[in-house]
Amino acid sequence: MTMRVRRHRLVSGLAVAALALLLGDAVQAQEASPAGGYQLPAQVLVDIVDAPPTPDVSLGPKSEWMVLAQLPNLPPIEELAERELRLAGLRMKPRINGPSRTRHATGMTLLRVSDGEERPVTGLPERPRLENPRWSPDGRHIAFTHTADDGIQLWVLEVASGAARALTGSDLNLTLDAPPAWLGNDALITTLVPAGRGAEPPVPRVPSGPVIQENLGKTAPARTYQDLLTSPHDEALFEHYATAQLAKVTLDGTVTPLGAPAMVWDFDPSPDGKYILVQALHRPFSYLVPAYRFPRRIHVVDPDGDVVRVVADLPLQEEVPMAFGSVPTGPRNVGWRADAAATLVWVEALDGGDAGAEAAERDRVYLHAAPFRGSPMSLITLGLRFNEIQWGTDDLALVSESWWRSRQTRTWRVQPGRAGSEPELLFDRSYEDRYSDPGSPDTRRNDRGRSVLITADRGRTLFLVGAGASPDGDRPFLDRFDVRTKQATRLFRSEAPYYEWPVQLLDDAGRYVLTLRESVEDPPNYFVRDLQQNTVRQVTDFPNPTPQLAGLSKELIQYQREDGVDLTATLYLPPGYEPGQGPLPMLMWAYPREFRSADAASQVRGSPYRFTRLGGWSTPIWLALGYAVLDGPTMPIIGEGDAEPNDTYVEQLVASAAAAVDEMVRRGVAERGRIAIGGHSYGAFMTANLLAHSDLFAAGIARSGAYNRTLTPFGFQAEERTVWEAPEIYFAMSPFMHADSVNEPILLIHGEADNNSGTFPLQSRRFYHALKGLGKTVRLVMLPHESHGYRARESILHMLWEMQQWMDRYVEQGEGQQVTEVGSVR
């Protein structure tokens, strides 16, 4: 007879006593807390959330040094509560003339790759808030910004001495989030607050008139963007804070303004440092689309700020077609050729930018070398939509293209130094097919600090790095690839019990490679691997930040849907749990994805050998309270041939969930009636649909979701059709329309300041109102100041408290709706 295992029976010995004390303290704290206010979950969860983060790592251009950036714990809610402007799809902090909700470091350490020597960084400011690290091309300096109380400063670190110093006062204007860039090795380009800017425009006490928008017969569909401009005052505020002065700052702190102030969207010095490509926004603004689709002037200036070439003056982009893969007309993806001194490169659509139109040719790539006289050179004409270019030499560059509807991707070899040369096809495959992925070419920064292809044998050989997806899971690899024969030779493949990713080749011969290695028990650390000797030398020694769950059980499992589609998930079981002990309460956490091929949907995803980094966002954190966790059970929504995936969304979703539940019951690790389903964003949408259309789960947890698809009428996620083209699909897929069928308790959590397209907070509020009005069991939690992903410590801990209370009541104690034995669609 199988017995139910309650979660507190999972840990034995001293661990039981310790966990009991932790849980006891948490329960007392919760019971003593007044109604309302932020709450704390069990202490063991608090300790995991408060664990010190692992440093960020940035490798220098010559792979000699890396900088380790120490990161703070979660910010307090008071930081998010500071005044923030939400304009034109951007979020900005007026006090500092910069973006809000950024991630910063609190310290830096230099580490030499060859011997592991650590060099402390001196001279940093008090209470450092360090961002935007940028290595100089020669690797001798690292530029970064520091956010002081009164604004943003530009700093520089000398690698040889480890000494840091300020180059400017709190003068930077990074409102449009364009970070400083190196101009050679001795100066930087950045944007400053214009001299004499004055105070921000005041809010009018009395409106001057109504806000009017009109359309005179033009087709201008748009997704449901957030934080758009809504009034003339918004326009004035945006222009006030977005206007910046482009400037050059030398390493001795000399500041030279370049040109007149403008709304500088982006800037990029040429590799030789003789020109600067500048993109600046201008009026008229839009109340329909974000700033990146505002009118934009793209031009090249010299180091004195004088314009030498206007590339384009692009109009407002309100009329871009809705078909996936559609793009604006005119030059786009404007930049510099990385392996040349000063050659502009850009792409232009040949199909009017409309992916819904029939066309044999879609895009053309152009080159224009300094001094930018005459006509540009056509590099390649593409039959699909342009993706990217990776530069190598005059004889070798790689151009990739893809097409959404077919999932086709192609990679071409071109010779940019030979005008009129024919492109050569290297790869042609479906990007859904992970098993056939040949990998991506490894690159390194050249003497000008630009990323270029690593080649050997006079350009005949490339080095490809890939995830190595296989029926056994992901096994990263490094290959030597012959461009002429198109044959690959394997140099390295990750082997059990490790997951080891090749980060950077350290020599052109392909012998030494810097890797990032981890296992179920070992956190990720950097190693230098000698591929000839098959030896490794450890470079970093980052500890396990959350040893509370050392010894957890992790298994990459495979099972099958009733229609024959193979599914994958990662099954976590608490430390000390043994087979045969009986079923546990379980949390499933998932996110559905669309496919055009059942074979691709059936491919295994993930690795059984990766380390599990625990935190407030990690689902396996619930192992600490004795829950079993099924993380990432694949929920493929497939549409082959002329069928669209969402034509049978509900049926396929329920079938995938039923297969996961059946597999957990078959294994004896969970039982019907004590399994919760949860997800974030589109996973929340999935959760609500599963509760509306099946009786598989005892309860649901839906975070930051959208539940009424008629509020996103011009498409959502991977759905291209509008609500007027497919009203029955929008209705069938909207759990709001089926709220009367939700029979299980559902917890709704949402950030009050969600800025993700489509998941505006109104979605959760209206779904809650519907469920409450129908007499359902539902709880709505709106987190103040939080966006689509929650950041504040108080918010994360309260989110965990809400989830803990919900699961303890409706899953662990079994007070939720009783579920049926068979997960058929209602």
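A: Let's start with Asn-333, which is found in strand S20, residues 332-336; helices (H or I, at least four residues) and strands (E, at least two) are DSSP runs, numbered from the N terminus. Before going further, bear in mind that this is a predicted model, where local features need pLDDT of at least 70, side-chain atom pairs count only at pLDDT 80 or more, and totals for chains, interfaces and linings use all residues. Residues are numbered from 1 along each chain as its sequence is written, and side-chain values use heavy atoms, with hydrogens and water left out.

Back to Asn-333: its phi is near 50°, a positive value in a residue other than glycine. Asn-333 counts as partly exposed because its relative accessibility is 47%, given that buried means under 20% relative accessible area, exposed over 50%, and partly exposed in between (1.4 Å probe, protein chains only).

Now step into the loop between strand S19 (307-314) and S20, where you'll find Glu-319. Glu-319 is partly exposed too, at 43% relative accessibility. Leaving out residues up to four places away in sequence, Glu-319 touches Lys-218, Thr-219 and Ala-220, where contact means heavy atoms within 4.5 Å. For a sense of distance, Glu-319 and Phe-595 are 276 residues apart in sequence, and their C-alpha atoms are 28 Å apart in space.

Another glutamate worth a look is Glu-719, in the loop between strand S46 (699-703) and helix H8 (727-733). Glu-719 has a relative accessible area of 2%, so it is buried. Its side chain and that of Asn-646 are joined by a polar contact of 3.0 Å. That term covers a pair of N or O atoms within 3.5 Å; within protein, one must be able to donate a hydrogen and the other to accept it, and residues adjacent in sequence count only if both atoms are side-chain atoms. Again not counting residues up to four places away in sequence, Glu-719 touches Arg-223, Phe-324, Asn-646, Ile-729 and Tyr-730.

Ser-704 sits in the loop between S46 and H8 as well. Its phi is near 55°, a positive value in a residue other than glycine. Ser-704 counts as buried because its relative accessibility is 0%.

While we're on backbone geometry, check two prolines. The peptide bond from Arg-283 to Pro-284 is cis, with omega near 5°, and Pro-284 lies in the loop between strand S17 (276-281) and strand S18 (296-301). The bond from Ala-496 to Pro-497 is cis, with omega near 10°; Pro-497 lies in the loop between strand S34 (487-493) and strand S35 (499-505).

Zooming out, the protein has 10 helices and 48 strands. Its C-alpha atoms fill a box of roughly 85 × 75 × 60 Å along the principal axes. With 826 residues, a compact globule would have a radius of gyration near 28 Å, and the protein's 28 Å agrees; that radius is taken over C-alpha atoms, and the globule rule is 2.2 Å times the number of residues to the power 0.38. Buried residues make up 56% of the 826. Of the contacts with a separation of 6 or more, 60% come from residues 24 or more positions apart.
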